[in-house]
Amino acid sequence: MRGHKIGAVENLGATQNQFDAVDLSDNEIGSRKSDAGIGSSNSSPDGWETLAHSDLQELKVLLLANNLLAWAQIDFNMRIAVLSEKPSIEELDFRGNLMLFSPRLDDLPPLESYRDWILTHCLKLEKLDGEPVEEADLTERQVWERKVHLRNLRGSSTLGAAALRDGVV
């Protein structure tokens, strides 16, 4: 769906959870000024809720580079927090969106803690904006959360005990 002048994310129910990667790069997502046609009176113009609350539980890659996303800080925080419902996310790309320009072209203040906020909510993320996520990118808390998350996935308490022993907690 890359480069099709799509203005909002819609109708992902039709995918029936068949995709582990969605590339919506090089579109016009975020260009809508009203809720018309999105399907819910409390939806955002970019249709983020449609994506975030879709059945795509196996979604690993979400590429939204070079769109018109211009989220204010609170919108960004809420939208990224919802991604924790997609525990399999390994790659995100928001490069080239209005919200990332510094100074911003839309007169809003720059996003704070962009990378940290994403890494805190997307525990399995391996790549962000085309760059690998290195352990050096993570705070001690994020490293610990990732270890606990992996332990829970494996059903073993060994990793949690090791984190306690190593003083990561």
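1. A residue is called buried when its relative accessible area is under 20%, exposed when that area is over 50%, and partly exposed in between (1.4 Å probe, protein chains only). The model is predicted, so that local features need pLDDT of at least 70 and side-chain atom pairs count only at pLDDT 80 or more, while totals for chains, interfaces and linings use all residues. Residues are numbered from 1 along each chain as its sequence is written, and side-chain values use heavy atoms, with hydrogens and water left out.

2. Two aromatic pairs are present (rings of Phe, Tyr and Trp, the last by its six-membered ring, with centres within 6.5 Å; planes under 30 degrees apart are stacked, over 60 edge-to-face, the rest tilted). One of the pairs joins Trp71 and Phe94 edge-to-face, at 5.9 Å centre to centre and 70° between the planes. Trp71 lies in the loop between β2 (61-63) and α2 (73-82) and Phe94 in the loop between β3 (91-93) and α3 (114-121), so the pair ties together parts 23 residues apart in sequence. Both Trp71 and Phe94 are buried.

3. Helices (H or I, at least four residues) and strands (E, at least two) are DSSP runs, numbered from the N terminus. Within α2, the residues Phe76, Arg79, Ile80 and Val82 are buried. They span an arc of only 155° around the axis, which puts them on the same side of α2; the arc is taken from the directions from the helix axis to the C-beta atoms.

4. Five strands form an open sheet in the order β1-β2-β3-β4-β5, with mixed pairing (two strands pair if DSSP finds at least two bridges between them). At the edges stand β1 (21-23) and β5 (131-132), each with a single partner strand, so one side of each has no neighbour in the sheet. Strand β4 (residues 127-128) pairs with β5 in the antiparallel sense over two bridges.
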